[in-house]
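Welcome! Take a moment to turn the model around before you read on.

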Amino acid sequence: MAKKPGFLDVVKGLTQKKSSKDKEVEKYEKILEEQPDDRNALNALGDLYAKRGDAEKACTYYLNVGSLYARDGFTLKAIAVYKKAQRARPDQISTYLELADLYVQKGLIGEAKANYLSAAEKQATAGEKRESLDTYRKIADLDPSNLKIRTKLAAMYESEQFMEDAALIYVDIGEVVLREDVDTAKTHFERALELHGDNEETLSRIGYAYAEQGFSKEATPIFQKLRERFPDDLDYKEQLEMLSGGGTPTAPQSAAAHTSMPAIDFDENELGSLNFGDEDVSTDGNTLDFQIEEQGEIVWDSTAGQEELSSGPAENAASEKHTLEFEPGNEISPPSSGPQQSQKANGSFFDLASKLDASIDFSPGTGPQTSGKSPGLKVQAPEQLATSEIGDIVKEFKQGVLDEVGTEDYETHYELGISYKEMALLDDAIEELRLASLEPSKFVECQGVIALCYAEKGDYASAVQSLEEARSRVNAEEERYQDLTYQIGTLYEQAGRTSEAAQTFQELYQLKPSYRDVRTRLNKLLA
């Protein structure tokens with residue numbers, strides 16, 4: 001009877017194991033002393049510390065090697081390593097932002113949105129209002145043609161008293177719609193001027209936008225104001241002279257050049273459905289998990305002038321809701337004491353969801369008045385959504401991201417899958433390779449690599465299934481069919497399923513008796 005290990009034996013074993021790991025760490029640290037940018041050493045140290053449970057050190061090493069890959073243009077490898085850093089420290093917001101930027105570089109807009117949204121949620125929960133709004137702005141920039149999202153975003157900046165940002169977003173909207181809808185463009189331009197009319201960028205962009213479309217009457221007073229404020233600026237003087245002479249001014253590079261992004265469908269409900277506050281945020285780096293919390297109806301008390309949270313259904317509070325009209329010169333804020341007042345007593349709640357759900361209406365009725373007044377901004381209190389409706393919106397959002405990812409560059413997904421596999425991120429590799437396999441010409445190749453990932457995970461059944469799906473797309477006369485059959489037999493043998501392995505090798509032997517060592521392996525299995 002074998003002797004059970006005693007306490008001292010267990011301690012000795014643990015000590016030896018720890019000593020072995022320390023030697024590995026020392027080995028790679030010595031390499032870094034001589035070559036500080038050695039990517040293999042940095043990545044290996046990250047893996048070692050991750051296995052030890054030292055998430056902070058692991059994340060630091062992963063970020064170091066990721067930044068080196070990004071600097072040298074190996075974006076897909078950088079993405080793979082940043083993914084490991086994200087797993088090690090899912091609470092580190094900067095990793096989500098850097099990873100999203102890398103996804104944008106490779107045109108993977110769906111993944112970029114997911115990471116920006118996660119970052120914005122974490123920033124909002126941490127009380128970082130400005131940073132959260134700026135992250136939402138990055139999402140909006142991915143879809144410049146979606147004016148509803150931009151309008152809501154501008155209103156959010158207004159409500160938090162970030163007037164310059166709000167004004168510039170209204171200018172963005174005006175520039176987009178000016179050619180097709182002059183009245184709507186003017187409404188947004190005028191709102192921008194109300195909020196931050198003394199800002200040079202706001203003035204010059206509006207002035208050039210009007211002038212380039214031939215609206216000399218609207219452009220002239222703006223350039224006159226610019227000329228008065230900046231008398232030494234020769235360009236503004238030239239623009240005024242051209243307007244007076246009937247010419248069309250040409251905007252300088254600084255005013256006319258704007259980054260153009262590909263138009264991506266992004267429904268306004270995608271942001272409006274998300275609830276941000278002091279609830280728990282998912283720390284799972286693998287998935288985008290939105291915390292949805294049923295909340296009461298936000299209603300405006302016309303007598304007390306306070307914003308209250310009612311637990312009753314929307315119809316019960318219908319008599320208490322009012323449309324808020326903001327006249328020129330008034331600050332945009334809820335009908336409470338101002339943006340500094342929290343919706344919760346502890347002052348930590350930043351409800352982006354209610355701001356995003358606000359209905360912004362630039363209808364003709366709110367446009368320029370005959371009295372010469374600038375348009376008012378009509379903001380309506382958000383309607384209460386049932387829990388089931390919120391859940392449906394989130395599902396639609398997630399599906400929308402998946403659909404969008406499916407339309408992207410399949411080759412990029414394949415290369416990213418290979419990078420993930422090299423970094424031992426097997427589940428991520430499988431996911432990317434499945435997306436790449438939607439391209440028919442890459443299906444067989446992708447399924448082959450997916451099978452290798454499953455085999456590395458020890459999931460031989462799934463590995464065999466992937467290879468069988470690949471083989472079903474290949475003619476039996478092709479050499480690739482024989483290769484896949486051999487791989488299936490090998491997997492059965494590794495899994496200890498002797499009868500299935502023998503049957504598979506028998507099938508291959510009948511197809512081509514001289515194929516590699518199939519005769520030897522078959523005899524061994526049948527012996």
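Here is a short briefing on this chain, from the whole fold down to single residues. Keep in mind that this is a predicted model. The chain holds 24 helices and five strands, and 46% of its 527 residues are buried.

**The chain as a whole**
- Of the contacts between residues at least 6 apart in sequence, 57% link residues at least 24 apart.
- The chain exposes about 26,800 Å², with carbon and sulfur atoms supplying 47% of that area.

**The core**
- In soluble globular proteins, nonpolar side chains tend to be buried together.
- In this chain, the largest nonpolar core contains 114 residues.
- Among the residues with the most contacts inside this core are Leu45, Phe189, Phe223 and Tyr420.
- Helix 20 (residues 443–457) gives the core its largest share, nine residues.
- Helix 3 spans residues 55–71, which is 17 residues.
- From its first C-alpha to its last, helix 3 reaches 24 Å, close to the 24 Å expected at 1.5 Å a residue.
- The buried residues of helix 3 include Ala58, Tyr62, Val65 and Tyr69.
- An α-helix has 3.6 residues a turn, so residues three or four places apart point the same way.
- After helix 3 comes glycine 73, whose phi is positive, near 90 degrees.

**An annotated stretch**
- An unreviewed UniProt entry annotates residues 460–487 as a "coiled-coil region".
- In the model, residues 460–487 are 75% helix and 0% strand, and the end C-alpha atoms of this span lie 11 Å apart.

How values were computed. Residues are numbered from 1 along each chain as its sequence is written. This is a predicted model: local features need pLDDT of at least 70, side-chain atom pairs count only at pLDDT 80 or more; totals for chains, interfaces and linings use all residues. Side-chain values use heavy atoms; hydrogens and water are left out. Helices (H or I, at least four residues) and strands (E, at least two) are DSSP runs, numbered from the N terminus. The expected span of a helix is 1.5 Å times one less than its number of residues. Buried means under 20% relative accessible area, exposed over 50%, partly exposed in between (1.4 Å probe, protein chains only). UniProt positions are given in the numbering used here, feature names are shortened, and annotations may be inferred rather than shown by experiment. Contact means heavy atoms within 4.5 Å. Accessible areas come from the Shrake-Rupley method with a 1.4 Å probe; for residues, only the protein chains shown count as cover. A nonpolar core is a set of buried Ala, Val, Leu, Ile, Met, Phe, Trp, Tyr and Cys residues joined through side-chain atoms within 4.5 Å.
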